[in-house]
Amino acid sequence: MKVKTKKGIRDMLAVWMEDDAVKMIDQRYLPEKLKLFIAKDPDDIHKAIKNMVVRGAPAIGVTAAYGMAQASISWFDIGKAEKTIKSARPTAYDLFHAVDHMRVKIKEGVDPLEAAHDYALSVINKCMAIGEHGSRLIENGYRILTHCNAGALATVDYGTALSPIRVAHDDGKDIFVYVDETRPRLQGARLTAWELFNEDIPHTVIVDNAAGHYMQRGEIDIVIVGTDRIAANGDIANKIGTYEKAVVAKENNVPFYVAAPVTTFDPNTENGMAIPIEERPSEEVLNLNEKRVVSPGSTAKNPAFDVTPAKYITGYITEKGVYSTDDVVIMFD
Ligand code: MRU
C-alpha cells in the first residue's frame with residue numbers, strides 16, 4: 001500500500017516477517033503516527049491480535065501464520081503456540097484457517113518460513129483478484145459506501161472491500177467513497193480514510209448513523225463491505241453496524257456486496273447465528289480519547305460484530321469471481 005510520509009511516498013505491507021521477528025504497522029496509532037510493532041513470540045502475536053495492533057480478518061490470518069512459523073523456527077511448543085494464537089479473537093475465521101494450515105505444513109516438513117510467506121502472498125494475490133472482479137460492479141460516477149476498514153491494513157495489501165475501489169480509481173473511473181466512521185474504535189475514520197487519502201481517492205467520513213440518510217436520498221449507488229466469517233448458508237459476520245447498513249440498503253434498493261477471500265468461508269458453521277461474536281471491553285464505548293464520557297452509574301455493551309443474513313446480500317466478491325448466495329453456498333458445499 002502507498003503511505004504518504006514527510007519523506008515521500010513509501011510502499012508498505014501491513015504485516016511481514018524479517019529475520020525471526022514478525023513486524024506490523026501498529027494500527028492503534030494511525031493516522032497520527034506510523035509506528036511498528038515487533039512480535040518475538042506467540043504471546044506477542046496473541047497480544048498484537050487481541051489488542052488490535054493488527055486487525056481485519058485476512059491480516060489477522062497472516063499474522064497468525066507468521067506467528068506459527070516463528071514459533072516453529074524458535075523451537076516453541078507448537079501445540080501451545082497454536083492455542084495461544086487461536087485464543088486471541090473469536091470471530092475472524094481466517095485466524096483459525098491460517099493456524100490449521102500452518103500446523104499441517106509444519107507437520108509435512110515444509111519450511112515454516114516459506115509456508116508463511118506463501119500464505120501471505122496468496123492472501124495478497126486473492127485481494128488483487130477481488131479488486132479486478134469487484135471493480136466491474138463499480139460504474140463511472142458511482143458513490144460507494146463502506147463500513148469499518150477492509151483495506152490493505154486489514155489484509156496485508158490491497159484489501160477486500162477497498163480493492164475494487166482501488167482498481168476502479170486506477171482505471172480512471174470517477175468515484176466517491178462514503179466512509180462510515182465505525183464506532184467505537186473508528187476503523188473507518190482512522191484507517192479507511194487514511195488509506196483513501198494515501199491513494200488520492202475522493203472520500204468523506206460520515207457518522208455511522210448517517211448512512212441511511214444518504215441511501216434514502218439516492219446518494220449511494222453501491223455498498224461494499226468486508227467480512228470476518230461467511231457461514232455455510234451465506235450469512236456473514238462483519239463489524240458491528242453492518243447489519244443495519246444491509247437492511248437499509250435493501251429498503252432503498254442499493255446493492256449490497258460482501259468482499260472476501262474464500263479462506264473467510266467457514267463451511268462448518270451452519271448459519272450466522274452460530275458465528276461466535278466477540279464482546280470487547282466496555283471502556284471502548286464508555287471512554288473517548290481515554291476519558292470517560294458516560295456517567296459513572298452507567299454500563300456499556302460492546303459487541304464487535306453483527307450478523308447480516310444472506311437475504312440482504314446482493315453478491316459475494318471473491319478471488320474466483322462474483323457469486324450470488326445460491327452459487328456461493330453450492331460452491332462451498
Ligand atoms: O475488529 P476489526 O477491526 O478486526 O474488524 C474488521 C472488520 O470487521 C472487517 O470488515 C473484516 O475483518 C474484513 S477485513 C478485510
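Visitor: In strand 11, which residue is the bridge partner of Arg229?
Guide: In this predicted model, strand 10 and strand 11 (residues 236-239) run antiparallel and are joined by two bridges. Strand 10 covers 229-230. The bridge partner of Arg229 in strand 11 is Ala237.

Visitor: Which strands are the edge strands of the open sheet of three strands?
Guide: The strand order in this open sheet is 10-11-15, and the pairing is antiparallel. An edge strand here pairs on one side only.

Visitor: At about what angle to strand 15 does helix 10 run?
Guide: Helix 10 spans residues 242-251. The helix lies across strand 11 and strand 15. Relative to strand 15, helix 10 runs at about 30 degrees.

Visitor: Which residue of strand 2 does Lys4 stand opposite?
Guide: Strand 1 (residues 2-5) pairs with strand 2 (residues 8-11) in the antiparallel sense, over four bridges. A hairpin of two residues connects strand 1 to strand 2. Within this pairing, the residue opposite Lys4 is Ile9.

Visitor: Why do the buried residues of helix 3 line one face of the helix?
Guide: Helix 3 (residues 78-86) has Ala81, Glu82, Thr84 and Ile85 as its buried residues. Viewed down the axis of helix 3, they line one face because they fall within an arc of 170 degrees. On the other side of helix 3, the exposed residues are Lys80 and Lys83. The value behind the one-face reading is therefore the arc of 170 degrees.

Visitor: Which helices do the buried residues of helix 3 pack against?
Guide: The residues concerned are Ala81, Glu82, Thr84 and Ile85. Their packing partners are helix 1 (42-50), helix 2 (57-73) and helix 4 (93-107).

Visitor: At the start of helix 3, which backbone nitrogen does a side-chain oxygen of Asp77 reach?
Guide: The contact involves a side-chain oxygen of Asp77 and a backbone nitrogen at the start of helix 3. The oxygen comes to within 2.9 Å of the backbone nitrogen of Gly79.

Visitor: How many residues apart are Lys86 and Asp100?
Guide: Lys86 and Asp100 form a salt bridge, with their closest N and O atoms 2.7 Å apart. The pair links distant parts of the chain, Lys86 being in helix 3 and Asp100 in helix 4. Lys86 is partly exposed at 21% relative accessible area, and Asp100 is partly exposed at 28%. The two are 14 residues apart.

Visitor: Is Asp26 buried or exposed?
Guide: Asp26 forms a salt bridge with Arg28, the closest N and O atoms being 2.8 Å apart. Arg28 has 33% relative accessibility and counts as partly exposed. The cut-off for buried is under 20% relative accessible area. At 3% relative accessibility, Asp26 is buried.

Visitor: What is the N to O distance in the salt bridge of Lys105 and Glu108?
Guide: Lys105 is partly exposed, with a relative accessible area of 25%. Glu108 counts as exposed at 53% relative accessibility. Their side chains meet in a salt bridge with an N to O distance of 4.0 Å.

Notes
Residues numbered from 1 in each chain as written. Predicted model: local features only at pLDDT ≥ 70, side-chain atom pairs only at ≥ 80, totals over all residues. Heavy atoms only, no water. Buried < 20%, exposed > 50% of the residue type's maximum accessible area, 1.4 Å probe, protein only. Arc of directions from axis to C-beta. Contact = heavy atoms within 4.5 Å. Polar contact = N/O pair within 3.5 Å; in protein donor to acceptor, adjacent residues only side chain to side chain. Pairing = 2+ DSSP bridges. Axes fitted to C-alpha atoms, helices over the stretch in contact; angles between N-to-C directions.
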